[in-house]
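Dear colleague,

Here is the structure I said I would pass on. My notes on it follow below.

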Amino acid sequence: MNFNTKVIHGGQHHESATGSVNVPVFLTSTFAQKSPGVHSGYEYSRAANPTRQALEDSLASIENGARGLAFGSGLAAIDCVLKLLNPGDEVIAVDDLYGGTYRMFTRLFEKYQLKFTFVNFDDVSKIADVITDKTKLIWVETPTNPLMKLVDIKAVVDIAKGKDILVAVDNTFATPYIQRPIDLGADIVMHSATKYLGGHSDVIAGALIAKDAELGEKLHFIQFASGGILGPHDSYLVLRGIKTLALRMQRHSDNGLAVAKYLENHPAVDKVIYPGLESHPQYELAKSQMKETGGMVSFTFKSGKKEDAIKFLEKVRVFTLAESLGGVESLANHPALMTHASIPAEKRAELGITDDLVRLSVGIEDAEDLIADLEKAFS
């Protein structure tokens, strides 16, 4: 199947008892057995639920993986990956990453003797400099949040090859419509399915997709044993969102480029960070690795003042000042005060997350209305 067909039919089957075209929401905790240990494949909903299974099969299909798993949040999915590791293992992670991921790495798992090294992946050769015999995982985010840096996934995979190191990619910003990390050699793909996969700002969810069945089974055991599963109704909502993913992502990308071009020519704007602009330092990588360049745009003010960013954000009306991203509606965010506040100020400064940085999640409204709203907010 091609991608537009996969998001609707990939891994999916009509419900067997009634022929229902849409998978029903199986609101049940347990399942009847014919004899002790003899059942239809479902025993207890923490292990497997038919609605969640349909979502997990869809996830595996659209990312070209062997096994999909659905979690109660994106952080629950990351937590599952880290539980593959043992005390003393080392993780190399991109330095510019989602604040919640950084918080989990440094404030939760470091105390269990996991070591995290944060590296600028602009030059992937730097990864090789910090690999040791204890390195077991490389954590990639591309595009990064909120600075929209890109990571050459295939180059990272080549560095890890033959070293017993897993490569995991947070594909939340791009989605499989834009890039498929498993096709580039990654072992695990992670999504905050709250964002573009769900697509309607009405669910909190996470996802993992494993490249091979053996790794998928290891992750499933952790999911089952730890219990961070996604409930059946939320599974239904994400599955419904996936069916329109291709249409939405194309519109997000078209609008994102239009907004980025507008911002690039605005006299109050200093820097626009968007992979679809030729001014982006990794524009060529974007063209080779990504089908489109998505709906996430970040920018700074020529004044460099936090006050100007706050004033701007208080005046938007079509854009909504809120955390999160990836919904059909456009959102605006101040990373330093909102999504990345958990990262220490000195670390934010080092990365370039300045106090005048604004992050936009460009929705699927008419681009003309979005640009008019931005124009009024600048005035």
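This is a predicted model: local features need pLDDT of at least 70, side-chain atom pairs count only at pLDDT 80 or more; totals for chains, interfaces and linings use all residues.

Overall fold. The chain contains 14 helices and twelve strands. Its radius of gyration is 21 Å, close to the 21 Å that the globule rule gives for 379 residues, so the chain is as compact as a globular protein of that length. The C-alpha trace spans about 75 × 50 × 35 Å along its principal axes.

Packing and contacts. Of the 379 residues in the chain, 54% are buried. Taking the contacts with a separation of 6 or more, 73% are between residues 24 or more positions apart.

Strands β1 and β7. Strand β1 covers residues 67–71 and is mostly covered, with four of its five residues buried. Its partner here is strand β7, residues 206–210; the two run antiparallel and are joined by five bridges. Which residue of β7 is the bridge partner of A70? That residue is A207. If you want a place to begin looking, the β1 and β7 pairing can be followed from there, with β1 at residues 67–71 and β7 at residues 206–210.

Regards

Notes. Residues are numbered from 1 along each chain as its sequence is written. Side-chain values use heavy atoms; hydrogens and water are left out. The radius of gyration is taken over C-alpha atoms; the globule rule is 2.2 Å times the number of residues to the power 0.38. Buried means under 20% relative accessible area, exposed over 50%, partly exposed in between (1.4 Å probe, protein chains only). Contact means heavy atoms within 4.5 Å. Two strands pair if DSSP finds at least two bridges between them.
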